[in-house]
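Hello,

Please find the structure below, handed over for you to look through. My notes on what was found in it follow.

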Amino acid sequence: MDINFPIYLDNNATTPMDPRVLEAMLPYFTQKFGNAASRNHSFGWVAEEAVDYAREQVAQLINCDPKEIIFTSGATEADNLALKGVFEMYASKGNHIITCTTEHKAVLDTCKHIEKNGGKVSYLDVKPDGLIDLELLEKTITPQTILIAIMYGNNEIGVIQPIKEIAAIAKKHNILFFTDATQAVGKIPVDVIADGIDLMAFSAHKMYGPKGVGALYVRRKNPRVKVTAQMDGGGHERGMRSGTLNVPSIVGFGKACELCRLEMDAEAKRLSALRDKLQNALSQMDEAYVNGNLEHRLPHVANISFKYVEGEGLLMGFNKQIALSSGSACTSASLEPSYVLKALGLGDDLAHSSLRFGLGRFTTEAEIDYTINAIRDTVLKLREMSPLWEMFKEGIDLDTVAWAHH
Amino acid sequence: MAYSEKVIDHYTNPKNVGTLDKESKNVGTGLVGAPECGDVMRLQIEVDEQTHIIKDAKFKTFGCGSAIASSSLATEWLKGKTIDEAGKIDNMDIVEELSLPPVKIHCSVLAEDAIKSAINDYRAKNGLAPIEE
C-alpha cells in the first residue's frame, strides 16, 4: 500500500479539513456572502438560514438545543468566555473556581488571569494515571465555589475524566460544571444532558473542520446558565458573543459535526484498533512506558516514553517522514518538559523522552506499520549513542549520579 | 524549527560514537548535563602522555539533534589537538560551525563544558593543575 509522506500523526494539534466540509463551505465565501444579521434582504436571510442549519448540526452532535450553542473563534475563546463570563456573572454568589493541573493552557492561563482579578482558584493534582480524585474534588469545594472546570479528554495523554461523576458532585453542591471538550467532541459520544454538563467548549479544527471557529455550549434550563460577554458590540449570539458571524466557517463546523456524528462509531473502532497496534508494538520495547490511564482514554491517542532517549532527538530521526509531537521542550527557553506528564508524577527524564501520537480520520494501517518500524529503529540507534542507556545497562542507578545541572 | 544541514549530517552520521576505558590513566572523561534538563553528554579523550596530543575522542549523548551534533563535532575537532589547544575551543565556534539557533546555544555550551571536564579529568589523573571550567 502506498503511503503519502509525510505521515501526519499530530491530530491532537489540528486535523486536516475533510473535503466534504470544504465543499459545504465554498458557496458561502462568494455567492452566499451575506451577513447573518442582515434582516432586510435575501443575502442576510440565506446566511442566517445556513447558520441556523449549522447550529442544529452542532447541537445534534452533543445533544443540546441549538439555542444553547454560542459560536466563537475557537476553543480558547470559548474557555475564556466560560471562565471569565461565569466569574463575572456569578460574583455575588462566590469567587472560587476548581480546576486541575493537567488542563489546557487556555484554561490554566485564564484562571491565572481571574486570580489577578480577585478570584480564588484551586488546581487539583491528578493521580498517576491522569484522572482526578473525586474525593479530593468534593473536599475542595467551599461555600464560595461557583464553578468546577475539568476537561473532558486530555490533549497530551488522551485520558478521559469521570465527567458524569464530576457533574453529579457539582449538581449536589449547586455549582456550575464547565468542561473543555475540544479533544473529545466528535471522537467519542458526548451528551451534555446525559453527562450533566452546564458549559462546554469545543472547536471545529480538531474534528476535520476549519480553524478559527468553535463553540461554547451554555445550558438554558436546569439550571439556566448565563455568562457575561467578554466582547462588546452588536449583541450577537444571545448577547454573549458580539461579532459578525463567520458564516463559511460555521457552515463548515456544522458539516464537520454531522460527519463526526454519522461516522463516529465505526471510526472510533478503527482508530482504537490502529492505536492499540502502534502502542502494543512500541511498548514491547525495553524501557518503553505508556503514559496515562489505558482504559479511560480517547480512541485515537497514545503517549509513550522511551527511556534514555530524548524526545526531540528522537523526532529528528524521522521528522521528514512522520509528523509527531514530543513532551520534550528542548526548543523552549525554559527547557521545561510537558507539565501534563510532570503532573502525572513522571520524572523529567521520562517526560523529556515522550512522544504523543494523535491518529485521525485519514490515518492508514500502512502508515502505522511504517511508523512502528521508524520509531523502533531510531530508538535503538539513539540508545546506542546514549550515555544513560549505557549506564543503565551497566546497572548504575541514575538517581544516585551527581549530575551537573546547568 | 528547521535544522541546519551540518546538524542533520552529524545526527545522521555521528562521528566517533563510543566508549573509551575511563579507568585508563591517559583517558579523560567529561560527563555533563542532567537527564532532567533533557541533555547529558559524555565526552572522552585519549591523550598521548608524552606530547599531550589527543589521539582519540569518543562521545555518547542523550539529547536533541543539536546536542548530538555539537558533541560529534567536538570529537572531530579534538583529535590531533594538544590538551592546551583543546581547552581553548569556544562554544561560539560550535554555534557558528553548526549554525545553531539561539534556543540551541546551550547545546554548544554543554559541549564546551564536556571538553573542559574531560581535559581536567585527564589532568587530575596525571597530577596536573586543572584549567578553568
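**The sheet of chain B**

In chain B, β1(B) and strand β2 (residues 39-47) run antiparallel and are joined by 8 bridges. Two strands count as paired if DSSP finds at least two bridges between them. Helices (H or I, at least four residues) and strands (E, at least two) are DSSP runs, numbered from the N terminus.

Before going further, a note on the source: this is a predicted model, in which local features need pLDDT of at least 70, side-chain atom pairs count only at pLDDT 80 or more, and totals for chains, interfaces and linings use all residues. Residues are numbered from 1 along each chain as its sequence is written, while chains are lettered from A and ligands numbered from 1 in the order in which they are written.

On to the next pair. β2(B) and β3(B) also run antiparallel, joined by 8 bridges. Arg42(B) stands opposite Lys60(B) in β3(B). These strands form a hairpin with 6 residues between them. His52(B), in the turn, has a positive phi of about 60°, and His52(B) is a residue other than glycine. With 19 C-beta neighbours inside 10 Å, His52(B) counts as partly exposed. The cut-offs are these: a residue is buried if 20 or more other C-beta atoms lie within 10 Å of its own, exposed if 12 or fewer, and partly exposed in between, with C-beta atoms placed from the backbone.

Taken together, the 3 strands form an open sheet in the order β1-β2-β3, with antiparallel pairing. β1 (27-34) and β3 (54-62) of chain B each have a single partner strand and stand at the edges, so one side of each has no neighbour in the sheet. The twist averages 10° from one strand to the next. As for β2(B), 8 of its 9 residues are buried.

**Helices on the sheet**

Helix α2 (residues 65-78) of chain B lies across β2 and β3 of chain B, and runs at about 175° to β3(B). Helix α5 (residues 105-125) of chain B packs on the sheet too, touching β1 and β2 of chain B, and its direction makes about 145° with that of β1(B). For these angles, axes are lines fitted to C-alpha atoms, for helices over the stretch in contact, and angles run from 0 to 180 degrees between N-to-C directions. Contact between two residues means that their C-beta atoms, placed from the backbone, lie within 7 Å.

Ser99(B) sits in the loop between α4 (91-98) and α5 of chain B. Ser99(B) has a positive phi of about 50° although it is not a glycine, and is partly exposed, with 13 other C-beta atoms within 10 Å.

**Chain A and the core**

The largest nonpolar core has 157 residues. A nonpolar core is a set of buried Ala, Val, Leu, Ile, Met, Phe, Trp, Tyr and Cys residues joined through C-beta atoms within 7 Å. Among the residues with the most contacts inside this core are Ala82(A), Leu199(A), Leu216(A) and Ile115(B). Helix α8 (residues 247-283) of chain A gives the most to the core, with 12 residues. Leaving aside neighbours within four places in sequence, Ala82(A) is in contact with Phe178(A), Leu199(A), Ala201(A), Leu216(A) and Val227(A).

Ala24(A) lies in helix α1 (residues 19-25) of chain A and is buried, with 23 other C-beta atoms within 10 Å. Ala24(A) and Ser249(A) are 225 residues apart in sequence and 9.7 Å apart in space, C-alpha to C-alpha.

Two cis peptide bonds can be noted in chain A. One joins Phe5(A) and Pro6(A), with omega about -10°; another joins Asn222(A) and Pro223(A), with omega about -5°.

**Between the chains, and confidence**

25 residues of chain A are in contact with 26 residues of chain B. The elements giving two or more residues to chain A's side are α9 (311-316), α11 (348-352) and α13 (387-393).

The model scores ipTM 0.94 and pTM 0.93. Chain B averages a pLDDT (the predictor's confidence in each residue, from 0 to 100) of 94, and 99% of its residues score at least 70.

Regards
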